[in-house]
Amino acid sequence: MKKIILLFLLTFLFIVVHAQEFENEKQALTTTSTTVGAGFVELLDPYLSPFEYNGFQVKIQNNSRRYFSADNDKLSYSNRLFLELGKGNHPSGRNSMLFFNTNYMFGVNYHMRPADNVMFLAGASWDIDLGGKYLGRNVNNPFSLDLFTDINATAEVQYRFDLWNRNMRIQYGAVSPLMGCMFIPMQNVSYYELFVLNNTNDAFHFSSLHNKRAWFQYFNFDIPFNFNTLRLSLHHDYLKYSANEVVYRKNAITFSVGAVMHLYAFKGKKNKIPTSFIHSYE
């Protein structure tokens, strides 16, 4: 009986010590933000029309960032996913172009802290973009497919300051492609020839600074509240690329509003919520 009681006490002591170690151990949080916005867009797609179309778009975007390890606050990884839907109008107002665009990006960031309230991030990312445009008046080729992937250079600066008894934060960042691959068919080749007859000559092209220049920049203003953080964003997306002696262009400005949250997932109903967290949003 004494051996059973002793074994029970030792087991209980081990569980208590292990639980305290888990509570004191740092846990890496995922910082995520979701925003919804609308804005203005200019589109030039010579495959469909030689004219530039001006209109509006709506956009929903999710960003997340997390340290690779809770013991290292220098290196993090990030994800970005967005969806755009919009409509552009012909300069005469007699025709319109419908479009959509989706993009996923994965990046790695190195954190630098020259001051307590300033943080710089520099890194690289890979992204893939899929979209399309539809022009009903174009009988022969009413649809244009947008498909490309890139290796990008990324940079961001964060600045924290106190205002109205709240710890505000502003962020400015930029993404620019360095090299990749893009889908641009010959202007007189239909999609029936491309995908049914496998006539894909001169449809896929290597892209770099010589034939593709893009600049996606964003400005975020975060206002903390008791249970959440409000995010106000301004996005500028400029893209110009060319192949087969044809130049494509996109220029868009979007105003967004959303929320910032910190997430941590753990298994088991009996596990206690850890109290020592570390996150890339500092």
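Let's start at Trp 126, which is partly exposed at 36% relative accessibility, a label for values between buried (under 20% relative accessible area) and exposed (over 50%), found with a 1.4 Å probe and protein chains only. This is a predicted model, in which local features need pLDDT of at least 70 and side-chain atom pairs count only at pLDDT 80 or more, while totals for chains, interfaces and linings use all residues. Residues are numbered from 1 along each chain as its sequence is written, and side-chain values use heavy atoms, leaving out hydrogens and water.

Now step back to the whole protein chain. It holds two helices and 13 strands; these are DSSP runs numbered from the N terminus, with helices (H or I) of at least four residues and strands (E) of at least two. Of its 282 residues, 41% count as buried. Take the contacts (heavy atoms within 4.5 Å) between residues at least 6 apart in sequence: 63% of them join residues at least 24 apart.

Strand E4 (residues 72–89) runs antiparallel to E5, joined by 15 bridges; two strands pair if DSSP finds at least two bridges between them. Here Leu 85 stands opposite Phe 100 in E5. The hairpin of E4 and E5 has six residues between the strands, and Gly 93 in this hairpin takes a positive phi near 80 degrees. E5 is also joined to E6, again antiparallel, by 17 bridges, and this hairpin has two residues between its strands. Val 108 stands opposite Ala 124 in E6.

With the strands in place, look at the rings. A pair of aromatic rings is described by the distance of the centres and the angle of the planes. Rings of Phe, Tyr and Trp (its six-membered ring) pair if their centres lie within 6.5 Å; planes under 30 degrees apart are stacked, over 60 edge-to-face, and the rest tilted. This rule gives 11 aromatic pairs. One of them is Tyr 104 with Trp 126, edge-to-face at 6.4 Å centre to centre and 70 degrees between the planes. This pair links distant parts of the chain, 22 residues apart: Tyr 104 is in strand E5 (residues 96–115) and Trp 126 in strand E6 (residues 118–135). Tyr 104 is partly exposed, at 31% relative accessibility.

Why do Tyr 159 and Phe 161 count as stacked? Their ring centres are 5.8 Å apart and their planes at 20 degrees, so the pair is stacked. Tyr 159 is partly exposed at 36%, and Phe 161 is partly exposed at 22%.
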